[in-house]
Amino acid sequence: MALLAGGGGWAYFKTDWFDGNGETVSYGKPPADAKGSGTPGTGAAKPSGDPDLSMPTGPAAEFKQTSKLDDGTRISKTRLKGAKSGFEGDVWVWTPKEYDDPKYAKSGFPVLIALPGGNGHPTNYWADRSLGLQKAVAEGVGKGTSLPFILVMPVLNPDNKYYYDGSDIPNQPKMGTWMAEDVPELARANFRTWKSRDGWAFMGNSSGAFVGLKQLMQHPDKFRAVIANGGETAPDSPLWKGFKAEMDANDPGKLAQKLITAKGPEVYVNFQYGTKEGGRDRLEKFQRDHGKGPIKIDVYEIKGGDHNGWDYVRGMKEQGLQAVSKIMKGPKPAAG
């Protein structure tokens with residue numbers, strides 16, 4: 001913000017970043033020569049022959065712009081009442097410019113569910129363009145080091161008082177179901193995605209890293225990978241008190257052992273940590289204990305990095321996005 005304090009900087013911030021805020025955002029406009037459509041109101045062209053393609057199922061959500069990037073892409077927000085969890089909260093989304101490119105109008109796109117650290121309520125700080133996550137993906141696409149991910153950025157917790165560990169803790173809001181079922185369903189309802197788990201992954205910082213790791217281990221049939229930045233590896237919400245069996249059922253280590261015993265499906269964990277923060281031993285222990293069989297784990301060190309979003313984005317630009325992109329399914333341009 002200091003860079004914006006001068007008159008010129010503030011004028012740019014006011015007229016560009018905020019330009020169009022509050023306006024309705026429509027995604028996936030069909031090319032001018034597209035005949036037919038998918039779900040009414042979604043702007044989708046006729047699907048390709050790929051059986052893995054998931055066209056928008058509807059109902060279409062109402063998205064309102066919250067910020068605009070230099071390349072013209074927009075971050076927008078909607079309110080989601082989870083059909084499975086019953087929890088209601090805000091969700092932000094961003095699509096790369098490739099999503100509106102006519103040559104990809106009949107293709108699915110991979111989804112990266114981005115989770116914040118801290119309490120993650122009532123906002124998700126990844127929806128703030130100043131952290132640079134969207135720009136990192138866009139630049140990676142240009143360099144060939146990242147897939148053009150759709151970013152879905154939900155609230156992490158139902159309040160600012162507790163961590164809910166992205167789980168269905170007894171007698172509490174069902175945040176595990178919200179994250180595993182309702183948030184992906186919002187993406188499927190409104191965007192061209194992939195049916196298979198190869199099109200779905202998590203990314204998160206700190207408490208959000210734990211949730212992404214836990215969701216991957218708990219639902220390897222639905223998600224393929226996680227980038228876990230500076231996170232915990234064991235549940236620690238005080239709300240688990242008196243519910244040890246349920247807590248164990250949401251422990252990434254115990255879930256990992258079940259996955260190893262079942263011999264799959266294969267999942268990928270990309271741990272990141274900064275050299276100025278702690279936690280390296282914890283991540284490396286998880287790698288030693290569980291990085292075997294179907295569980296592939298990398299631990300990436302961010303030189304000079306600390307426990308913050310800017311440094312974690314730097315690490316993702318250096319290694320994380322590329323590592324995950326190599327194993328996930330990207331969009332396919334139309335022939336010709």
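**Leu115 and its neighbours**

Guide: Let's start with Leu115, which touches Asn124, Trp126, Pro154, Leu156, Met179, Phe202, Met203, Gly204, Asn205, Gly208, Val211 and Gly212, leaving aside residues up to four places away in sequence. Touching, or contact, means heavy atoms within 4.5 Å. Keep in mind that this is a predicted model, where local features need pLDDT of at least 70, side-chain atom pairs count only at pLDDT 80 or more, and totals for chains, interfaces and linings use all residues. Residues are numbered from 1 along each chain as its sequence is written, and side-chain values use heavy atoms, with hydrogens and water left out.

Visitor: Why is Leu115 called buried?

Guide: Buried means under 20% relative accessible area, exposed means over 50%, and partly exposed is in between (1.4 Å probe, protein chains only). Leu115 has 0%, so it counts as buried. Its place is in strand 6, residues 111-115.

Visitor: What makes Tyr125 partly exposed?

Guide: Tyr125 has 30% relative accessibility, so it counts as partly exposed. Trp126 has 0%, so that one is buried.

Visitor: How many residues are in the protein chain, and what share of them is buried?

Guide: There are 336 residues, and buried ones make up 54%.

Visitor: What makes something a nonpolar core?

Guide: It is a set of buried Ala, Val, Leu, Ile, Met, Phe, Trp, Tyr and Cys residues joined through side-chain atoms within 4.5 Å. The largest one here has 79 residues, and Ile113, Trp126, Phe149, Val152, Met153, Trp178 and Met217 touch the most other members. Val152 has contacts that include Val91, Trp92, Val93, Ile113 and Ala187.

Visitor: What counts as a strand, and how many does the chain have?

Guide: Helices (H or I, at least four residues) and strands (E, at least two) are DSSP runs, numbered from the N terminus. The protein chain has eight helices and 12 strands.

Visitor: How do you know that strand 5 and strand 7 pair?

Guide: Two strands pair if DSSP finds at least two bridges between them. Strand 5 (residues 88-94) and strand 7 (residues 150-154) are joined by four bridges and run antiparallel, so they pass that cut-off. Trp94 stands opposite Leu151 in strand 7. On another side of the story, seven bridges join strand 4 to strand 5, also antiparallel, and there Ile75 stands opposite Trp94.

Visitor: Which strands are called edge strands?

Guide: The open sheet has 10 strands in the order 1-3-4-5-7-6-9-10-11-12, with mixed pairing. Strand 1 (24-25) and strand 12 (295-302) are the edge strands, as each pairs on one side only.

Visitor: What makes Tyr27 and Phe63 an edge-to-face pair?

Guide: Rings of Phe, Tyr and Trp (its six-membered ring) pair if their centres lie within 6.5 Å; planes under 30 degrees apart count as stacked, over 60 as edge-to-face and the rest as tilted. A search of the whole structure finds 11 aromatic pairs. For Tyr27 and Phe63 the centres are 5.6 Å apart, with 85° between the planes, which makes the pair edge-to-face. Tyr27 lies in the loop between strand 1 and strand 2 (53-54) and Phe63 in strand 3 (residues 63-68), so the pair ties together parts that are 36 residues apart in sequence. Both Tyr27 and Phe63 are buried. Tyr27, Phe63, Tyr99, Tyr104, Phe109 and Phe191 form one aromatic cluster.

Visitor: What sits over the ring of Tyr99?

Guide: The charged end of Arg192 does, 4.0 Å from the ring centre. The rule asks for NZ of Lys or CZ of Arg within 6 Å of the ring centre and within 35 degrees of the ring normal. Arg188 lies over the face of Trp200, at 5.4 Å from the ring centre.

Visitor: Where does pLDDT stay under 50?

Guide: pLDDT is the predictor's confidence in each residue, from 0 to 100. The value stays under 50 over residues 1-15 and over residues 30-44. Where pLDDT is low, the predicted coordinates should not be read in detail. The protein chain averages 91, and 89% of the residues score at least 70.
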